[in-house]
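Please keep the sequence and the model in view while reading.

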Amino acid sequence: MSKKWNYAAVAAVFFLLGMLLSPSAPLVRSVRSKFRYTRGVAQRLFRSWDKESLVFAADGKTFESFERENEQFILYFWATWCPYCRDCTDIMQSVATSAKIPFAALSFDDDKAKFAEYQAENTLYWNNIVQKSTDGWDFVKREKAYNIPLIPSVWLVENGKVKRIFVGSEQISMLGDYLLNENLMTAGAEPIFDEE
């Protein structure tokens, strides 16, 4: 009797592990992401950043001074190699051009040439945050303090704290409505779509 119980317990454990580790189960993915990636997790990550080493690619301004100057801002985490991030480009372009608060993006790319190619093909209306390095700048690596659990992600930061997070293309598609309701986006702003 005890052997049957042991086999059943082992089978149940493996079944549950399979469910939790399965990337194809939408319910499991949703539950797993919500447990791992909460506003508290985002806040701990945000506090641990070395903000002096982060700069804006376009003008070299430090992220630390950007944060000091802006009570509220939007942070978008993405990468050109991420298909879900590419799906959100039109939404994020619209938000970047019509938000009443500053918008910044942190890309987790690793190839400057591919990033430049993507940027040339898709006019990006946001300033990317990069990391200072000995040869000028480099992309921020997704490790340690910058280990954002899921991309695409959007953080709404207010007074140095992560007020709200949007994870994945489904939640990001609701970002415009949220910003309109909070009076943080220009009403009647038209979404920007690439002409084909």
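**A strand and its partners**

Strand β4 (residues 127-133) is largely enclosed by the rest of the structure, because five of its seven residues are buried; buried denotes under 20% relative accessible area, exposed over 50%, and partly exposed the range in between, with a 1.4 Å probe and protein chains only. Helices (H or I, at least four residues) and strands (E, at least two) are DSSP runs numbered from the N terminus. The model is predicted: local features need pLDDT of at least 70, side-chain atom pairs count only at pLDDT 80 or more, and totals for chains, interfaces and linings use all residues. Residues are numbered from 1 along each chain as its sequence is written, and side-chain values use heavy atoms, with hydrogens and water left out.

Which strands pair with β4? Two strands count as paired if DSSP finds at least two bridges between them. Strand β1 (residues 54-56) is antiparallel to β4, with three bridges between them, and L54 stands opposite Q131 in β4. Strand β3 (residues 103-107) runs parallel to β4 and is joined to it by three bridges; here A105 has N128 as its bridge partner in β4. Between β3 and β4 the chain passes through helix α7 (residues 112-121), and this β-α-β crossover is right-handed, meaning that, with the strands pointing away from the viewer, the path from the first strand over the helix to the second runs clockwise. Strand β5 (residues 136-138) is antiparallel to β4, again through three bridges. S133 stands opposite G136 in β5, and two residues separate β4 from β5 in a hairpin.

A pair of aromatic rings is described by the distance of the centres and the angle of the planes. The structure contains 22 aromatic pairs, counted for rings of Phe, Tyr and Trp (its six-membered ring) with centres within 6.5 Å; planes under 30 degrees apart are stacked, over 60 edge-to-face, and the rest tilted. Y76 and W78 form a stacked pair, because their ring centres are 6.1 Å apart and their planes lie at 5 degrees. Y76 is buried at a relative accessible area of 0%, and W78 is buried at 1%. Ring pairs also link F46, W49, F56, F63, F66, F73, F77, F108 and W155 into a cluster.

Finally, charged groups sit over rings, a term requiring NZ of Lys or CZ of Arg within 6 Å of the ring centre and within 35 degrees of the ring normal. K112 lies over the face of W137, 4.3 Å from the ring centre. The charged end of R164 is placed over the ring of Y178, at 4.6 Å from its centre.
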